[in-house]
Amino acid sequence: MKIDSLDVKNLPNYAEDIFTLNVSDYMVPEAEQKKREELCRKMGNSLVEDIKNHKKDFYKFNKIIEFPESFTFNSNPNWYRRPYGAVSTVGQRATLAFVAKLLINNLGYNYISQDSIFKEIETKHYRLWKLFYREKTLCMPEATIEGLKAAFPEDEKIQKCTSLFEIFHVAGKPTGIGESPFFIDNLIYSICSNRDIPISLYADTRIPEAGQILENLEIGCPVPLRVSTEIYLGDPRPQEDYYVTLYGLDGEKAYVMDSKKDYISGVRKISIDQLLEAITYEPNSACAWDLYPFFNPEEFIYSS
């Protein structure tokens, strides 16, 4: 077992208490994929509409959860240049993987390494990419001539290629799309299943209402979010998805844990307006996750 923390107190006391990272595979039958995409699209649109209708409630809220003592960053030299699936590196793109690590640590599973989360995302096909001149979403852990030919059986140009170089020449090089948000849903579901907590996947793992975000913060429960890079980062160039965790509001500012902000210890303070716009900018892709089912309010402390 690989240990992230030097503090052995973080290890479970009994073997039966050990949670094993074993998230369901991203790849599901086409009908199921369409069903979950449509469900999550509806929940995203519902969340966006409700945030717009209750925006003033976020400015009335004043509570910040105590920030974690330790936090992992993209810039860590142990993995900064590590390839991340078929395209780019951890340092460039892996924001969802760090949100997952923060979630896992908050639940006492510090013994699960950051690298094991990268591998879980890659091998379970949650690292999404495409060939630059093709629209099809791919999720293979690496680009191979055999895999790409199998993925494009009716593409004559690709079928005629005899090397990856030729495929990239006719179809474009691998381009990152992002990390699938379904990883967080399935991670929550896996943890709840391990704790015998009955929940419904997506219906109980996503937050569809603005009030739920505030209710979670009220009891000390952080809220993972997907945010628009154009609004959150102020960068209009095409970017992959970006994920952060909301820790509180003080009536003027929002406080988020951001794995790319190592120079400010991971805590980014931005205007509530900017955060809400970043959440709602792309309604079909809006995501906020509900960690309430397995959080014990007594375990969390608020910052002064």
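Hi everyone, let's begin with a space in the protein: the second largest pocket has a volume of about 560 Å³. Please keep in mind that this is a predicted model.

So what surrounds that space? The second largest pocket has 22 lining residues, and nearest its centre lie Glu-37, Leu-128, Pro-181, Asp-241 and Ser-285. Two elements, H1 and strand E3 (174-179), each give two or more residues to this lining. H1 supplies the largest share, four residues. By class, the lining holds eight nonpolar, seven polar and seven charged residues.

Now, let's stay with H1 for a moment. How is helix H1 (residues 30-53) placed against helix H10 (residues 210-218)? They pack at an angle of about 80°, and their axes are 7 Å apart. Angles of 65 to 115 degrees count as roughly perpendicular, and H1 and H10 are therefore roughly perpendicular to each other. On the H1 side, the contact is made by Leu-47, Asp-50 and Ile-51, while H10 brings Ala-210, Gly-211 and Ile-213. Sorted by class, that contact of H1 with H10 has four nonpolar residues, one polar and one charged.

My last stop is helix H5 (residues 114-123). Seven of its 10 residues are buried, so H5 is largely enclosed by the rest of the structure. If you'd like to find them on your screen, the buried ones are Gln-114, Asp-115, Ile-117, Phe-118, Glu-120, Ile-121 and Glu-122. And what covers them? The cover includes helix H3 (90-93), helix H4 (95-106), strand E2 (127-131), E3 and helix H9 (182-194). Finally, take a look just after H5, where His-125 has a positive phi of about 70°.

Methods
Residues numbered from 1 in each chain as written. Predicted model: local features only at pLDDT ≥ 70, side-chain atom pairs only at ≥ 80, totals over all residues. Heavy atoms only, no water. Axes fitted to C-alpha atoms, helices over the stretch in contact; angles between N-to-C directions. Parallel < 35°, antiparallel > 145°, perpendicular 65-115°, else oblique. Contact = heavy atoms within 4.5 Å. Nonpolar A, V, L, I, M, F, W, Y, C, P; charged D, E, K, R; others polar. 1 Å grid on protein atoms, 1.4 Å probe; cavity = no way out; pocket = protein on both sides within 12 Å on 5 of 7 lines; lining within 4 Å. Points joined across faces, edges and corners; volume = space filled by probe spheres on them. Buried < 20%, exposed > 50% of the residue type's maximum accessible area, 1.4 Å probe, protein only.
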